[in-house]
Amino acid sequence: MMKKVYFYATCLGTAAMQETILNAIKLLRREGVEVIFKKNQTCCSQPSFNSGYFKESKRVALYNVDLFEKDYPIVVPSGSCAGMMSHDYLELFKEDSEFERVKEFSSRVTELSQYLDEVLKVEYEDKGEPLKVTWHSNCHALRIQKSIEASKNLIKKLKNVELVNLEYEEECCGFGGTFAVKEPEISNAMARAKIQDIQNTGVKYLISGDGGCLLNIDGTMRKMGLDVRGLHLYDFLLKRLEGVRL
Amino acid sequence: MKAHEEIVNIKLNDTQMRENLSNAMHTLQKNRFKVIEDKFQDWQGLRNKAKQAKNNALMSLEERLVEFEKNATKNGIKVHWASSDEDACELIYEIMKENNISKILKGKSMASEEIGLNHYLEKKGLKAIETDLGEVIIQLDGEVPVHIVVPAIHKNRYEIGKTFQEKLGAELESEPEKLNAIARKYLRDEFEGLKLGLSGVNFAMSREGAFWLIENEGNGRMCTTAPDIHIALCGIEKVMESFEDAATMVHLLTPSATGQFIPTYNNIITGPRKNGDLDGPKEVHIVLFDHHRSDMLAHKDYYEALRCIRCGACMNFCPVYDKIGGHSYQTIYPGPIGEVISPNLFGMDKTGDILNFCSLCGRCSEVCPVKIPLADLIRKLRCDKVGQGENPPFGANEHNKMEAFAFSSFANLATNGNKWRFSLSKGHYFNWFVQNFKGSLPVIKKWSAFKELPQIKKDLYKEVQNIEGVIYE
């Protein structure tokens, strides 16, 4: 039977990283998965949750629970948003009468690389030139959604790609959603430390599965005029599979 | 108190401090990983055991305290109770006055920093001298600790050599051994003829009526055994049931703090000098103080922070702490644990702004040996700060109305698919963000000062419908 999933584009993906979202959907399509795109989807409510506005966050969370009502997996191309919906929603509704309904929703949420690696067990034929890349682990994907292993597994399926680990891989890049706008100077100091770590590898491509971190790190690298580029995992994967030059 | 932005900028521009901290924190991180890997078979199991032991003590705290008082008194320890920070200072002052003492020597004690003891005594014309090497350095420089375990970790050995030269009239040195020798000579002179020593408490055992102090330099042992009178200062949450429970904690503490397997000195204090003993103080006092801990204990979430064993692992791993240093927090407890306990101990109005010093990366929760969900608690305190919590810490009265309006608008938009799609399909997201947050947040101007903004070229909704096999509904 053909697999059918809900696709959660995330607010950042919809607003600023449309290409990545389209590529993420294509990765599912090339495995023959049917993708339902709810046109009325919005945001997982992480910005308000992390800023302490729990009341507003609950409203948005329940809106999502209602919108994604059928029993399909909800595939999210972001460990951060997936972690919010699969784990943080439970925390948010811990003592709420809606807990069971939220829990059912949360149990269906998965990160795209987990879906590709663990559920579909994809096999990839790498059509790109030999390349060294390094990897940035987004904090929420690493510690909450725990999808980093799956993401790295996808890269490891590409036979011409060598993955070089960062020395301080588990350190935050300073994005942190609203943190980057509330404390821009500290955020910048954190991004600079991350970039130093990236430069120390000597690698020219940084891959990450998180749009926010990439906006932060790649945006800073561009501002600094560096020749290191940040690429989203799903853009990178599709390019390698289609043999498109970076 | 300096304005939040001002102190952040001063510290971010202190490149020497940042280099010192970054090096030191990475070393402490590596040491911790190594000792856990080399020496422990079941670190996670030990964490669970410690969490359980500490929770048991907290859930029966009243009983523990009564039992501790009974058994400590039986051992000859004089037990005092203080409710506020000032009460605790006053008690110590009274003991000094009764015994005609004008100078005390102190072992490391964050509790004494918390109650502002040095300052209190100074105002009364009395002197409190630090003996922990890090504390000595910062006292000479007129600073407060930058970290709860390693109080002078923000300074390198050249800076310390200069301090010793300027303040103690020593030769200019930079070798650690020589610097140690200078400090040792200075302290030996102070220890001579010492009448009163003050210390903190790591763990107090109610069943045994005794308390446990760990340290690395031997100054703690000097402070607790050399003088005639020893006063120990102890927050009520440090009382546990048994010696075995305390031992579990000690096993976690030093690996988490500095990556040592065991501390250099274990001082277990069971009472004053007894007949026939050759040394030890003639009087041992313990001041058990509350200072808003009971309020925390009564809170359904924040009680968890009372498990803290003051190892500092959360700050060692905090990506914000090593960029801005502990002094930026302008409260005695910096880093993630400071963000949780400072608003509870000192009031949200005085310390609430430090809740911004967190990207919620969650590494602190991951390394906390007693499993305090620090990131979750920081988020909950933000909820209290914006006025949505049920039982906020005291002083949580001022709310940011502009921000509240922005998030209420956000929720309205995010629960209306049509409006949301309209604003996003037009690439107006950032515009909306700027419009709503300006005035309450220094948003886009500062973001783009450091980063290039993304190019928004496509209308996702239109493109998605063109992909074959996508059900757009």
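**Figure 1. Helix H7(B) at the second largest pocket.** H7(B) gives the most residues to the lining of the second largest pocket: 5. The model shown here and in the other views is predicted. The pocket has a volume of about 900 Å³. Its lining counts 34 residues. Closest to the pocket centre are Glu113(B), Gly116(B), His119(B), Val144(B) and Ile332(B).

**Figure 2. Elements and residue classes around the second largest pocket.** By class, the lining holds 13 nonpolar, 11 polar and 10 charged residues.

**Figure 3. Setting of Asn219(B).** Asn219(B) is found in helix H11 of chain B, which covers residues 219–225. Is Asn219(B) buried or exposed? Its relative accessibility is 6%, so Asn219(B) counts as buried; the cut-off for buried is under 20%. Tyr265(B) is 46 residues from Asn219(B) along the chain, and their C-alpha atoms are separated by 9.6 Å.

**Figure 4. Contacts of Asn219(B).** Which residues touch Asn219(B), leaving aside neighbours within four places in sequence? They are Gly107(B), Lys108(B), Thr131(B), Asp132(B) and Phe191(B). With Thr131(B), the link is also a polar contact between side chains, at 2.8 Å.

Key
Residues numbered from 1 in each chain as written. Chains lettered and ligands numbered in written order. Predicted model: local features only at pLDDT ≥ 70, side-chain atom pairs only at ≥ 80, totals over all residues. Heavy atoms only, no water. 1 Å grid on protein atoms, 1.4 Å probe; cavity = no way out; pocket = protein on both sides within 12 Å on 5 of 7 lines; lining within 4 Å. Points joined across faces, edges and corners; volume = space filled by probe spheres on them. Helix = DSSP H or I, 4+ residues; strand = E, 2+ residues; numbered from the N terminus. Nonpolar A, V, L, I, M, F, W, Y, C, P; charged D, E, K, R; others polar. Buried < 20%, exposed > 50% of the residue type's maximum accessible area, 1.4 Å probe, protein only. Contact = heavy atoms within 4.5 Å. Polar contact = N/O pair within 3.5 Å; in protein donor to acceptor, adjacent residues only side chain to side chain.
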